[in-house]
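I opened a notebook page for this structure. My entries follow in the order in which I looked things up.

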Amino acid sequence: MTSITADSKSLAAGHSTLRGVLVAFASYAVFAFSDASIKMLHGTLPSYQVAFIGALFGFAAVPFLKRRDDHWVDMVRTSNRPLWILRFACGATGAICSIVAFTKLSMAEAFALLFLLPSFVTILSVVFLKEDVRWQRWTAVILGFIGVLIVLRPGFRELSIGHLCAAIGGLAAAIGIVINRALGAKEKRISLYGAGLFGTLIVSGLLMFSEVSMPTAGQWLFLASYGLLGAVGNVLLMTAARMVPANLVAPPQYSQMIWAIGFGYLLFNDDIDLPMALGIALIIFSGLLTLARERKRGTPLPTAVTANTQAVLATGQERPEA
């Protein structure tokens, strides 16, 4: 009888894990659709206006992310104001730069450069957190940058502001993750989310004084899709993180590349040549190797790669429910 009970519990746990992983895949698919909505605008609106409207829609996720012991004022309350302000700035920078990247580049190329995020996290963790990084993680970093060189092929193809913005977007997101590690579990997740959200809202709002366009009905549809789907992706990612360990939530983010290639082929007439495919494969392998090493060390894992850089740090440290 005891054996049957144990088997039943094991089977239930397996089903719960499978559901959690499937929810994680669903969250990254939603993020990919959100990012595709940006590209559907074809650069007809200023990037900071897109970021501003996306941040407004991002508030839709807050009621679902707020814990029982959280208060609304906790969105701007923090245990470390300088780091909160830095995350505020990184949220704005990452959101605007990522939108430019998805506007100027093919989705696959934008994701490939944004997927450098784990490598940036490794480097920043060594510099600012004095983490001990061994040869396996440095190998992953080197492979990632080799992959980027293969994708970009500097000197053989023209580089654009989109490539620079994709790299800056990935770096800004990496700084946000390092800030999360520095603050530790004592910082409320709603505060970290609020920093990125208000950063994007305020900085983009100020930039809109220089130029603003009234969106058409069709543009409002894509803006709402970008913002609301980003909010839904956040909620799903948080749900997945509550169902399964963080090491099972982070790796499925690379499924976004499949969506990116599919969207590029079906909607945007993008193509991928052999060198770019090889470079993308190296970058993805580099990211997965980094995640595997950080899993062994028990380090909080990087969050979703997306233009919606308010993405909740669902794969970071969890605070217990009150």
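I looked up Phe120 and found it buried, at a relative accessible area of 13%. The cut-off for buried is under 20%. I kept in mind that this is a predicted model. Next I checked Phe145, which is partly exposed at 30% relative accessible area.

How far apart are the ring centres of Phe120 and Phe145, and at what angle do their planes lie? I noted 6.1 Å between the centres and 70 degrees between the planes, so I wrote the pair down as edge-to-face. Phe120 belongs to helix 6 (residues 117–128) and Phe145 to helix 7 (residues 135–152), so the pair ties together parts 25 residues apart in sequence.

I then counted aromatic pairs and got nine. I also found an aromatic cluster, formed by Phe102, Phe111, Phe115 and Tyr254.

Helix 5 spans residues 107–114 and helix 12 spans residues 256–266. Their axes are 8 Å apart, and the packing angle is about 155 degrees. Angles over 145 degrees count as roughly antiparallel, so helix 5 is roughly antiparallel to helix 12.

I turned to Ser204, in helix 9 (residues 189–207). Is Ser204 buried or exposed? Its relative accessibility is 0%, so Ser204 counts as buried. I set aside its neighbours within four places in sequence and found contacts with Tyr48, Ala51, Phe52, Ile96 and Gly199.

Ile85 sits in helix 4 (residues 81–104). I noted Ile85 as partly exposed, at 46% relative accessible area.

**The whole protein.** Last, I stepped back. I counted 13 helices and zero strands. Of the 322 residues, 53% are buried. I looked at contacts with a separation of 6 or more, and 88% of them join residues 24 or more positions apart. The protein exposes about 14,200 Å², with carbon and sulfur atoms supplying 70% of that area.

Notes: Residues are numbered from 1 along each chain as its sequence is written. This is a predicted model: local features need pLDDT of at least 70, side-chain atom pairs count only at pLDDT 80 or more; totals for chains, interfaces and linings use all residues. Side-chain values use heavy atoms; hydrogens and water are left out. Axes are lines fitted to C-alpha atoms, for helices over the stretch in contact, and angles run from 0 to 180 degrees between N-to-C directions. Helices (H or I, at least four residues) and strands (E, at least two) are DSSP runs, numbered from the N terminus. Angles under 35 degrees count as roughly parallel, over 145 as roughly antiparallel, 65 to 115 as roughly perpendicular and the rest as oblique. Buried means under 20% relative accessible area, exposed over 50%, partly exposed in between (1.4 Å probe, protein chains only). Contact means heavy atoms within 4.5 Å. Accessible areas come from the Shrake-Rupley method with a 1.4 Å probe; for residues, only the protein chains shown count as cover. Rings of Phe, Tyr and Trp (its six-membered ring) pair if their centres lie within 6.5 Å; planes under 30 degrees apart count as stacked, over 60 as edge-to-face and the rest as tilted.
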